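Colleague: Before I use this model, I would like to go through the labels attached to it. Please set each value against its definition.

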Amino acid sequence: ADVARADAKGDPPPDLQVSLRWNLRTGAVERIPGIVARAVSASGRIAGVASTGAAAYWQSGRLFTLPGTAYAALAGVTADGHTFAGDAATGTGPVRSDGSQAPGNAVPAVWRGC
């Protein structure tokens, strides 16, 4: 269930966020499952972060995660949809209070030829 909390801080985790795409010609709204969208290319690729925390892109109903990105996020995509920019975590950080593993330090990253 979707619940708003007054004590919540920052964005909810990726698995609780919803991404939508509007078709400007028809006005139709499409839900894009499994990804938190951060950018859209002119070719229709949607770049962002998968519900697992990995850098990912969505195209034509399929979700693709990028290699070596256990903790990463895409923030931009070229018009042709074949180059992505974002950040990737190096190693792992401390264990959180809920027992999950936090990502390590983030560094800028570019993925080409996708």
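Modeller: Buried means under 20% relative accessible area, exposed means over 50%, and partly exposed lies in between, with a 1.4 Å probe and protein chains only. This is a predicted model, in which local features need pLDDT of at least 70, side-chain atom pairs count only at pLDDT 80 or more, and totals for chains, interfaces and linings use all residues. Residues are numbered from 1 along each chain as its sequence is written, and side-chain values use heavy atoms, with hydrogens and water left out.

Colleague: Why is Ser-19 called buried?

Modeller: Ser-19 has a relative accessibility of 4%. The limit for buried is under 20%, so Ser-19 counts as buried.

Colleague: Which residues is Ser-19 in contact with, leaving aside neighbours within four places in sequence?

Modeller: Contact means heavy atoms within 4.5 Å. On that basis Ser-19 is in contact with Glu-30, Arg-31, Ile-32, Ile-35, Val-36 and Ala-37.

Colleague: Where in the chain is Ser-19 placed?

Modeller: Ser-19 is in strand E1, residues 19-22. Helices (H or I, at least four residues) and strands (E, at least two) are DSSP runs, numbered from the N terminus. The protein chain has zero helices and nine strands.

Colleague: How do you know that E1 and E2 are paired?

Modeller: Two strands pair if DSSP finds at least two bridges between them. Four bridges join E1 to strand E2 (residues 29-32), and the two run antiparallel; Arg-21 stands opposite Glu-30 in E2. Their hairpin has six residues between the strands, and Gly-27 there takes a positive phi near 80 degrees.

Colleague: What is the order of the open sheet of four strands?

Modeller: The order is E3-E4-E5-E6, with antiparallel pairing. Strand E3 (35-40) and strand E6 (62-65) are the edge strands, because each pairs on one side only. Neighbouring strands of this sheet are turned by 35 degrees against each other on average, direction ignored. Axes here are lines fitted to C-alpha atoms, for helices over the stretch in contact, and angles run from 0 to 180 degrees between N-to-C directions.

Colleague: How many bridges join E3 to E4?

Modeller: Five bridges join E3 to strand E4 (residues 46-50), and these strands run antiparallel. Val-40 stands opposite Ile-46 in E4, and Val-36 opposite Val-49. The hairpin of E3 and E4 has five residues between the strands, with Gly-44 at a positive phi near 100 degrees.

Colleague: And how many bridges join E5 to E6?

Modeller: Four bridges join E5 to E6, which run antiparallel. Tyr-57 stands opposite Phe-64 in E6.

Colleague: Why is Ser-60 called exposed?

Modeller: The relative accessibility of Ser-60 is 67%. The limit for exposed is over 50%, so Ser-60 counts as exposed. Ser-60 lies in the loop between strand E5 (55-59) and E6.

Colleague: What makes the phi of Ser-60 worth a remark?

Modeller: Most residues other than glycine have a negative phi. Ser-60 has a positive phi of about 50 degrees although it is not a glycine.

Colleague: Is Ala-56 buried or exposed?

Modeller: Ala-56, in strand E5, has a relative accessible area of 0%, so Ala-56 is buried.

Colleague: What is the predictor's confidence in the chain?

Modeller: pLDDT is the predictor's confidence in each residue, from 0 to 100. The mean pLDDT of the protein chain is 77, and 71% of its residues reach 70 or more. Among the elements, strand E8 (residues 83-95) has the lowest mean pLDDT (73) and E6 the highest (89). Where pLDDT is low, the predicted coordinates should not be read in detail.
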